[in-house]
Amino acid sequence: MGVEHDPHPLFQEFANPEKFVSAAWLSARLGINGLKIVESDGDAFLYDIGHIPGAVRIGWNRDLNDPVRRDVIGGEAFAALMRSRGISREDTVVVYGDSANWWAAYTAWVFELFGHPDVRLLDGGRDAWMGEERDTSFAVPVLPETDYPVVEREDAAIRTFVAAVRDQAPAQLIDVRAPEDYAGCAPEGPSLSLRHGHIPGAGNIPWGNAVHPNARFKTRAEIEEVYSGLDPAKPTVTYCDLGAAAAHTWYILRYVLGFEQASLYDGSWAEWGNLVGVPIERSAD
């Protein structure tokens, strides 16, 4: 099952090298059987102005979130989505996107919730592909519908809900937003939340500390230095504003550093900052 792994030397340092691919590896395998490419962006219009040939679009909001409740879609909806995109349970799925793979990491996390056997992230995402001036396409592929099975979501291992954060404080809670957001500085424009600050007890490690300016991952040694204050053996929960940047950090902790108890609080500050009766901390007063 699945396509051979990318032997890129950088990935061989990682705890799970099979979870990553490079632009060169992917470019050489476009169109092969058993490989499906998914673009997932924060900016929904990027796909239309050029994407990796053969890539299908999955929107984090339109496709992966339940239309009537604040939650990830259920098993039947996920199976229907996979069938409509021509993805089978046996396929290797490579996900990429804008914003250094924020929403691509979130999409990969959703695939993990449903236990898809082989999901990988394109190092550097859309920025890496476009920066290397690799082939792009405007064509929207029409793939044969598959028989993807209905698999129920398994949240427990990699997802944390607000009750657990509020009542059973995680051993390590990481706010991956910018320092000014963590401190509680009021934003200049519209905000997702009524209050500004961070969850009590959370440490601040901005997501971007683990990647280069071109969106590619740093070496394992450099990433270990970024997260040197954390214990890989302890439960670790990441959050941001909406869950995307925190999914990126979750992916790094889990698959670069081997944090087996890493999980994502996808409600993040958009939920916590608007809840009645929960405390916040801030240092910007």
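Q: Phe-20: buried or exposed?
A: Phe-20 is buried, with a relative accessible area of 0%. Buried means under 20% relative accessible area, exposed over 50%, and partly exposed in between, using a 1.4 Å probe and protein chains only.

Q: What kind of model is this?
A: It is a predicted model, where local features need pLDDT of at least 70 and side-chain atom pairs count only at pLDDT 80 or more, while totals for chains, interfaces and linings use all residues. Residues are numbered from 1 along each chain as its sequence is written, and side-chain values use heavy atoms, with hydrogens and water left out.

Q: How many aromatic pairs in the whole structure?
A: The search finds 17. Rings of Phe, Tyr and Trp (its six-membered ring) pair if their centres lie within 6.5 Å; planes under 30 degrees apart are stacked, over 60 edge-to-face, and the rest tilted.

Q: Why is the pair of Phe-14 and Phe-20 edge-to-face?
A: Their planes stand at 70°, so the pair is edge-to-face; the ring centres are 5.0 Å apart. Phe-14 is buried too, at 4% relative accessible area.

Q: What about Trp-102 and Trp-207?
A: That aromatic pair is edge-to-face, 5.3 Å centre to centre with 85° between the planes. Trp-102 lies in helix H4 and Trp-207 in the loop between strand S7 (203-204) and helix H8 (220-226), so the pair ties together parts 105 residues apart in sequence. Helices (H or I, at least four residues) and strands (E, at least two) are DSSP runs, numbered from the N terminus.

Q: Which residues do ring pairs link into a cluster?
A: Phe-11, Phe-14, Phe-20, Phe-217, Trp-250, Tyr-251 and Tyr-255.

Q: Switching to helices. How do H4 and H9 cross?
A: The axes of H4 (residues 102-113) and H9 (residues 244-256) come within 7 Å and cross at roughly 65°. Axes are lines fitted to C-alpha atoms, for helices over the stretch in contact, and angles run from 0 to 180 degrees between N-to-C directions.

Q: Which residues meet there?
A: From H4, Trp-102, Trp-103 and Tyr-106 are among them; from H9, the list includes His-248, Trp-250 and Tyr-251. Contact means heavy atoms within 4.5 Å.

Q: And Trp-103, buried or exposed?
A: Trp-103 is buried, with a relative accessible area of 8%. Not counting residues up to four places away in sequence, Trp-103 touches Ser-40, Asp-41, Gly-42, Trp-60, Asp-98, Leu-242 and Ala-244.
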